Amino acid sequence: VLLLPPPRSPRDKGVAMQRCRALFQKVPEAIFAVVQLLGHQYKVSTGDVIQTDRMLCAVGDRIRLRKVLLAGTPTWTAVGRPLLEGFEVVAEVEEQGQAPVVINFKMAMRRKKWIETRHPYTLLRVLHIKAPENLPPPSQDPLTHLPK
């Protein structure tokens, strides 16, 4: 919440409005995206860490996720049918590892079976989300972009 003293004259009101606009122009909008990766969908934003199935890449590699299904900010949303063109998520591989041991216990007549599994995983950190420069302006009527 931004608290400003009340304006004393019309000139002060203009200065206060200019300060408010300057403050809000410096803050970038927080963009999020829904990406499809290895058959799963993840909602990500800048700085998020996601755990996926094992990917064949080395730690420190940067990868581009181009299967963006949905992207948006608090003021607009773009939905792909099925994918959005021009959007891409850049992520960096932070870790390759294995999850803790999971024990599957199966019991049949006269025998017991223990199966221990460790699932491999990859940790990705989202560096940034690229949006195309020529985004259409947000519509006042949400029904104008629906197919006929």
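Biologist: What percentage of the residues in the chain is buried?

Modeller: Buried means under 20% relative accessible area, exposed over 50%, and partly exposed in between, with a 1.4 Å probe and protein chains only. In this chain of 148 residues, 26% are buried. This is a predicted model, in which local features need pLDDT of at least 70 and side-chain atom pairs count only at pLDDT 80 or more, while totals for chains, interfaces and linings use all residues. Residues are numbered from 1 along each chain as its sequence is written, and side-chain values use heavy atoms, with hydrogens and water left out.

Biologist: Why does Glu-88 count as buried?

Modeller: Glu-88 is classed as buried because its relative accessibility is 10%. Glu-88 belongs to strand 7; strands are DSSP runs of E with at least two residues, and helices are runs of H or I with at least four, numbered from the N terminus.

Biologist: Which residue does the side chain of Glu-88 meet in a polar contact?

Modeller: A polar contact is a pair of N or O atoms within 3.5 Å; within protein, one must be able to donate a hydrogen and the other to accept it, and residues adjacent in sequence count only if both atoms are side-chain atoms. Here the partner is the side chain of Arg-66, at 3.3 Å.

Biologist: Where does Val-101 lie, and is Val-101 buried or partly exposed?

Modeller: Val-101 sits in the loop between strand 7 (88-98) and strand 8. Val-101 counts as partly exposed because its relative accessibility is 46%.
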